[in-house]
Structure formats: structure tokens, C-alpha cells
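Student: I would like to work through this structure with you, one question at a time. Could we begin with a single side chain and widen the view from there?

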Number of protein chains: 2
Amino acid sequence: MSHLRYSRLMAVDRDHVLRTAAALLTRKSTATMDEVAKAAGISRATLHRHFAGRDALVRALESLGIAECEAALDAARLDEGSASEAVRRLVSEIQPAAGLLAFLYGESQLWEAGQDAGWQRLDARMGALFVRGQQAGEFRIDLTPVWLTEALYGLIASCAWAMHDGRVAPKDFTHMVAELLLGGALRREES
Amino acid sequence: MSHLRYSRLMAVDRDHVLRTAAALLTRKSTATMDEVAKAAGISRATLHRHFAGRDALVRALESLGIAECEAALDAARLDEGSASEAVRRLVSEIQPAAGLLAFLYGESQLWEAGQDAGWQRLDARMGALFVRGQQAGEFRIDLTPVWLTEALYGLIASCAWAMHDGRVAPKDFTHMVAELLLGGALRREES
DNA sequence: CGCAGGTGAGACATTGATGTCTCATTGTGG
DNA sequence: CCACAATGAGACATCAATGTCTCACCTGCG
């Protein structure tokens, strides 16, 4: 019994700390362990009891980001309907995690990129979506799926930062990212 | 006379140091002053004589990046021909500075963004290009010029990082960035 | 009541980067 | 050849963040 209660309480605290840390690091990626602790309303000592160090915290945030992306991919039902609509659903579903993704995207430039199995799985699922769109004749084939995946991450991070600075309105996130990725800046004569 | 020689020698050294620093920081944005000095083939003391500190170095790199962007904007002749072609010329001209821009783009998330007059001027020039394209009926009007400018920076940085990790070939830089920004992922029925 | 686990506060040593300083060396121009 | 200016090498103090530790507190539960 005591073990059950213990586990549950730890899980709740851990999740709360992670979410506030994500929110803070999204705004200030160089925030100190002390600042993270204060933001979460706990002491630095307790923060250290939950996460062995800054690396452990960032790795936990990475896991959280991966999990939220996986959830967004699931919710977007990438296999259903046209690839374009799947992309729009994906961008829409991923918006709540955009800030966290932007932080992780910036951090990932420091690590050895592409080594993590979680990211590889995400890349593969997104890449498969673009491949499907290409095979269906819906997407152009001169832009590689790898680049489209990379560009999607980049546009999400760019838009998250632009929102943070007030240059893009939050309600426009999905439209700005999805429509630029899908249709680009040029007008469509046909539509 | 001695003053003239002095100035010229300093200028040459300074430029060489800046370029190697840019190349290093592009790959490892957390590189130490010591690493920067070693990369430039000078001692840390000399590096400090040229740049008062890390902040001064980064600010000098920022000036260099701005200057290279301005040069690219000039070379691209944004006022000539269609806006699409101007964008393609711009991306092509800006490629040599892509790594440095990617570094600065990542760093800028730490500063108070949009405060620098140099960046504001660049943003204005790029924004004007997108406005011209919209007014000519060439670009869609539901994507704001501010977002298109932001997206251009983001795609340049993303592609620079993807090239660094070997996910995109350097020769494809212009095509990947410009075509995605202009035309997006969807196939064009008309073309 | 008493206690055990979790916590907050804070002291402490450690580490890594930074900025400053000195001194010997070099090499270039006068 | 001499003098000067710049450099390289390294010692040194400083500073900020980190990780570890102790101790007091409180809170719930037996």
C-alpha cells in the first residue's frame, strides 16, 4: 500500500515538475536548476531528488516531448484520408507541444543528432506520411521525405518562437505551418 | 603610416578569426573561447585582445552575419523580375552564410529578439519582397510577410543543420529551401 | 503520542569557463 | 643592431552553476 501511494505521488509531482520546467525552458532555454525549481514551486534539493542533474531533467523532457509527439501522431490518424489532410491534422494536434519541441529542437543541435531511438521512430512515421503522399501523386517528388520531415520540425519551432515574440498569433499556428509546408508561398491558379 | 599598417593587419587577423570562429560555432555552438582560439590558430590571450569577451565575439559574429545577409540581399536584386525568382536568387546567394545564420538564429532565441537595428533592416527588406509578391498576385495573402520572413530564416537554419548531419546534400540547399518555401510539398497540377 | 518519509533551507566543495595579468619570445621596421 | 609591438604561454582570481551533504521541520499514519 505504502508503495502504491508513494509511486502515485511521485508520478504526479514528477509530471507537474516536468510541465513547468518545459514551460520555463521554452521561454528561457538557459534557465538554471534553481530557476526551474522555483518555477515548479519546490526547492533545488527536491528537484535534485527527482532528477539526478540537469542532463537527467533534459532527457526527461525529451521523453515527454517524444511521448507528446507520438500521441499527436496517433491522434492525427496519418493513414486516413489524403496525405494533405493528415499533415493538417498532425500540425493541429502537435501545436500544444510546439513550445517544448522548439526547445528540444534547439537543444538537439548540441547532442549527436539522430542517435535517439525515440526520435528515429518519430522521423520514420513522419517520413512514411510524406512517402505516402508522394506515392499517391499528391506530393512532389523533388523534395525528399527526410527534408520535408526536417522542414516540418523547423517550421514548428520557428512558428513557436515567432508566437513567443508576438509575431504570429497562436490561433494562426496550424494554418501558417501547415499551409506553408503544403502549399508554399505561391498562389494556386487552380484553387 | 604605422597607424595604417596597424589597422590593416588587425583587420586581416580579425576577419580570419571571425570566419574560423563562425565555422566552429556553426558546428558546436557551445565552443569555448579556448576552442575558438585554437581553431583560429591563436592563443586565448590574443583572442581576448581582439574581442573583449565571448559576448563581444558573438556580437561581432552577428555583425558579420548581418553584413553577409545584406550582401546577399544586394546581390539577389530583389526588385528585379518576379518575386519568385528573386526568392530563388536570394536563397542561392545566402547559402554561404547559412551555417553562420543557423548559429545566430539559435542564439537569437536567448536575446531580446527583434531589438537589433541590423536585423530589423534585414527583416524589412525581406518582408518588402514578400509584400511585392503578394501585391503582384504572385504570392498568397493568407500567409503574412512576417511569417514568410520567419519561415525563410527557419528553413535556412533547418537545412544548414540537416546538411551538417548529412541528411541533405549541400548542392540541394537552394532547391530544397526555395522550392519548399515557394511551392510547398504539394504537386502543382498546372506545371 | 511518536516516528518515518518527504521536504526546504542552506552550507560546502567542485568544476568549468572567463577575464586579467605577467613575462619571455618573436619578427619587423627604422 | 635596436626598439617596439604583437604574440604565446601560463599563472591567477573570479564567478556561476552544479552536485552533495546536513539538519530542522512538518505532516500523515500507525
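Student: Is B:Glu150 buried or exposed?

Tutor: The classes rest on relative accessible area, where buried means under 20%, exposed over 50% and partly exposed in between, with a 1.4 Å probe and protein chains only. This is a predicted model in which local features need pLDDT of at least 70 and side-chain atom pairs count only at pLDDT 80 or more, while totals for chains, interfaces and linings use all residues. Residues are numbered from 1 along each chain as its sequence is written, chains are lettered from A and ligands numbered from 1 in the order in which they are written, and side-chain values use heavy atoms, with hydrogens and water left out. Since the relative accessible area of B:Glu150 is 7%, this residue is buried.

Student: With which residue does B:Glu150 form a salt bridge?

Tutor: A salt bridge here is a side-chain nitrogen of Lys or Arg within 4 Å of a carboxyl oxygen of Asp or Glu. For B:Glu150 the closest N and O atoms of the pair are 2.9 Å apart, and the partner is A:Arg167.

Student: Why does the pair of A:Arg167 and B:Glu150 join two chains?

Tutor: Helices are DSSP runs of H or I with at least four residues, and strands are runs of E with at least two, numbered from the N terminus. A:Arg167, which is partly exposed at a relative accessible area of 31%, lies in the loop between helix H8 (145-164) and helix H9 (173-183) of chain A. B:Glu150 lies in helix H8 of chain B, so the pair joins two chains.

Student: How many salt bridges are there between chain B and chain A?

Tutor: Over all chains, a search of the whole structure finds 32 salt bridges. One network, made by salt bridges that share partners, joins A:Glu85, A:Arg88, A:Glu179, B:Arg140 and B:Asp142. Between chain B and chain A the count is 4.

Student: Which helix gives the largest share of the side of chain B that touches chain A?

Tutor: With contact taken as heavy atoms within 4.5 Å, 43 residues from chain B and 43 residues from chain A take part. On the chain B side, H8 and helix H9 (173-183) each supply at least two residues. The largest share, 11 residues, comes from H8(B).

Student: What area is buried between chain B and chain A?

Tutor: The size of an interface is often given as the accessible area lost when the parts come together. Buried area is accordingly the accessible area (1.4 Å probe) that two parts lose on being put together, summed over both. B:Arg140, B:Trp147 and B:Leu186 supply 17% of the area that chain B buries against chain A, more than any other three residues. Carbon and sulfur atoms give 61% of the area buried between the two chains, which is about 4200 Å².

Student: Which aromatic residue of chain B forms a pair with A:Tyr105?

Tutor: Rings of Phe, Tyr and Trp (its six-membered ring) pair if their centres lie within 6.5 Å, and planes under 30 degrees apart count as stacked, over 60 as edge-to-face and the rest as tilted. The search of the whole structure finds 6 such pairs over all chains. The pair of A:Tyr105 is edge-to-face, at 5.8 Å centre to centre and 75° between the planes, and its partner is B:Trp161.

Student: In which helices do A:Tyr105 and B:Trp161 lie?

Tutor: A:Tyr105 counts as buried at 9% relative accessibility, and B:Trp161 counts as buried at 10%. The pair joins two chains, because A:Tyr105 lies in helix H6 (residues 98-107) of chain A and B:Trp161 in helix H8 (residues 145-164) of chain B.

Student: How many residues apart are B:Arg125 and B:Glu70?

Tutor: B:Arg125 forms a salt bridge with B:Glu70, the closest N and O atoms being 2.7 Å apart. The pair links distant parts of the chain, with B:Arg125 in helix H7 (residues 117-135) and B:Glu70 in helix H4 (residues 54-76) of chain B, at a separation of 55 residues.
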